Amino acid sequence: MRPGAVAAQLCSHTCSSRLRPVARPAAHPPSARERRFTEMMSMDVADSTQVYAAFLVYLDLLEGRNWPEVTCFGLGELQLVCLQGRERETESFQVVVPTPVHMSFSHERIREIMKKACAQLDKPDSPLSVILAIVESDSTIVYYKLTDGFIMPDPPDDTEDKDNKQWRKKRKKLFK
Amino acid sequence: MLRIHVLAGQALVWRFEDAREIRERHRLVGTLVGALARTPRQNVRLGLPLQLLPEEARLLAEMGAAVLVRSADAQPQGQSAQASEGQLYEQGLEESYQEQRRLAAQERWAQLANLAECIAQGRARKQQQRGKLPDTAPLPGPTEEQEHLESAFVFPHESMMVQLPTVWPCPGQEEQVDWTQPSRDWPHAGHQEHETRYCVFRDLWGRGYYVTSGSKFGGDFLVYPGDPMRFHAHYIALCCPPGAPLPLCDIVAAARLGTSVKKTVLLCSAGEDGVVIYTSLQWSGLQ
């Protein structure tokens, strides 16, 4: 797929709230973002749907969520283009694995992805962790974090709200 | 030795001592599924039997702490045998009724004796009201009421107390069930799904958690850090058979549910070497 053709295709999406590269005639020089897309495609690691998903996630992180730094790398054996970035300057790098929604993974494959992706980060002590970015056909992206081992859930801290709710219910019943 | 009765794949514990030991000594929870004799028509508090998950029953059998038993097929009883059993029961009921009636009559007699004085005074007052002369002092001996007690005493059958036995009477012989072989009453042995679930269950239990059924939250197990009476569950365990693909929609659904009920979703799968690997699934926190 050539960048110009991709740009035209991108324009045909009707969802205007998502950031999209503006369509350009082929004569203008490609923007940094489009260059990045070409770079992803040229890695020749994954099929075009996965690369497209990766590109959308790349744009969402950089432009939509203002991550200061996002780079891409390929996992050849697993046929995936992955992203590496951090949410803020102060935080450490995380791996984001973009995937179109129709792909399915077995648990074993997920583990493999986690191992290989975290090998990229070169942090042997920290637990295996990736963010799975699931891209829908309408370009909605949901992010879920996968970590090796047992991660305790956050304790419920809104006990005050709960009490208020129950108190309000009781009052309603009493004064009916 | 704990006895677990199996019936069509379900594992039931009928003795309360066994149920207690299973919870206190072996850290297995199970579910109470029986109606309480005194409060039958509600589902808040249930009683024996305790139903165990197939994995719980297998764990106890594997540890050697319990045996799986089933009732031997009942010998078809002849009509006459059944009739005589019924007759015996009716006879027993009638005897109990007569005994209860006798005791009730005795009590009534004693009651009347206690109140004899009050009754006499009441009668005297009435006679005065009607203008008659009061009788002389009440005579000793049985009062009128007491004399008529035998004929006038009413003790209807509905007032009778009937005992309902709540310990399961074993109707026939019991025979042991081999949990390693699939059979009519224990079909789980050898099924891949059961093996995977059991591997995960045993590993979680071995780590000191309390593990119960997770069907209320769309998972296989709920994992508690302590007794479920004292703690909320921390994890919803989803067992993944080896090599089975997980649709991403299911992953999103499970993670979303976990976030909204404040539990972490654990994807669990058992490797060939028996080692179980866990992946925690959480919301990423990206707004």
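Helices (H or I, at least four residues) and strands (E, at least two) are DSSP runs, numbered from the N terminus. This is a predicted model in which local features need pLDDT of at least 70 and side-chain atom pairs count only at pLDDT 80 or more, while totals for chains, interfaces and linings use all residues. Residues are numbered from 1 along each chain as its sequence is written, chains are lettered from A and ligands numbered from 1 in the order in which they are written, and side-chain values use heavy atoms, with hydrogens and water left out.

View 1. Leu56(A) lies in helix H3 of chain A, which covers residues 48-64. Leu56(A) is buried, with a relative accessible area of 6%; buried means under 20% relative accessible area, exposed over 50%, and partly exposed in between (1.4 Å probe, protein chains only). Ser139(A) belongs to the loop between strand S5 (129-135) and strand S6 (141-148) of chain A. Ser139(A) is also buried, at a relative accessible area of 4%. Between Leu56(A) and Ser139(A) there are 83 residues in sequence, and their C-alpha atoms are 7.5 Å apart in space. Most residues other than glycine have a negative phi. Ser139(A) is not a glycine, yet its phi is positive, at about 70°.

**View 2. Ala117(A) in helix H4 of chain A.** Helix H4 of chain A runs over residues 107-121 and contains Ala117(A). The relative accessibility of Ala117(A) is 0%, and the residue counts as buried. Leaving out residues up to four places away in sequence, Ala117(A) touches Phe73(A), Leu75(A), Val95(A) and Val130(A); a contact means heavy atoms within 4.5 Å. Tyr143(A) is 26 residues from Ala117(A) along the chain, and their C-alpha atoms are separated by 16 Å.

**View 3. Chain A as a whole.** Chain A has five helices and six strands. From the N terminus on, its elements run α-α-α-β-β-β-β-α-β-β-α. Of its 176 residues, 39% are buried. Among contacts in chain A between residues at least 6 apart in sequence, those joining residues at least 24 apart make up 52%.

View 4. An unreviewed UniProt entry places the feature "domain: TSEN34 N-terminal" at residues 3-70 of chain B. UniProt positions are given in the numbering used here, feature names are shortened, and annotations may be inferred rather than shown by experiment. Over residues 3-70 the chain is 28% helix and 35% strand, with the end C-alpha atoms 10 Å apart. Arg27(B) sits in the loop between helix H1 (16-24) and strand S3 (31-34) of chain B. The phi of Arg27(B), a residue other than glycine, is positive, near 65°.

**View 5. Strand S4 and helix H2 of chain B.** Strand S4 of chain B (residues 47-52) includes Pro49(B). Leu48(B) and Pro49(B) are joined by a cis peptide bond, with omega about 10°. Helix H2 of chain B (residues 54-63) is largely enclosed by the rest of the structure, because eight of its ten residues are buried. The buried residues in H2(B) are Pro54(B), Glu55(B), Glu56(B), Ala57(B), Arg58(B), Leu59(B), Leu60(B) and Ala61(B). Gly64(B) follows H2(B) and has a positive phi, near 85°.

View 6. Over residues 195-278 the chain is 30% helix and 31% strand, and the end C-alpha atoms are 17 Å apart.

**View 7. Chain B as a whole.** Chain B contains six helices and twelve strands. Its radius of gyration is 32 Å, well over the 19 Å that the globule rule gives for 287 residues, so chain B is more spread out than a compact globule. The radius is taken over C-alpha atoms, and the globule rule is 2.2 Å times the number of residues to the power 0.38. The C-alpha trace of chain B spans about 105 × 60 × 30 Å along its principal axes. Of the 287 residues of chain B, 35% count as buried.
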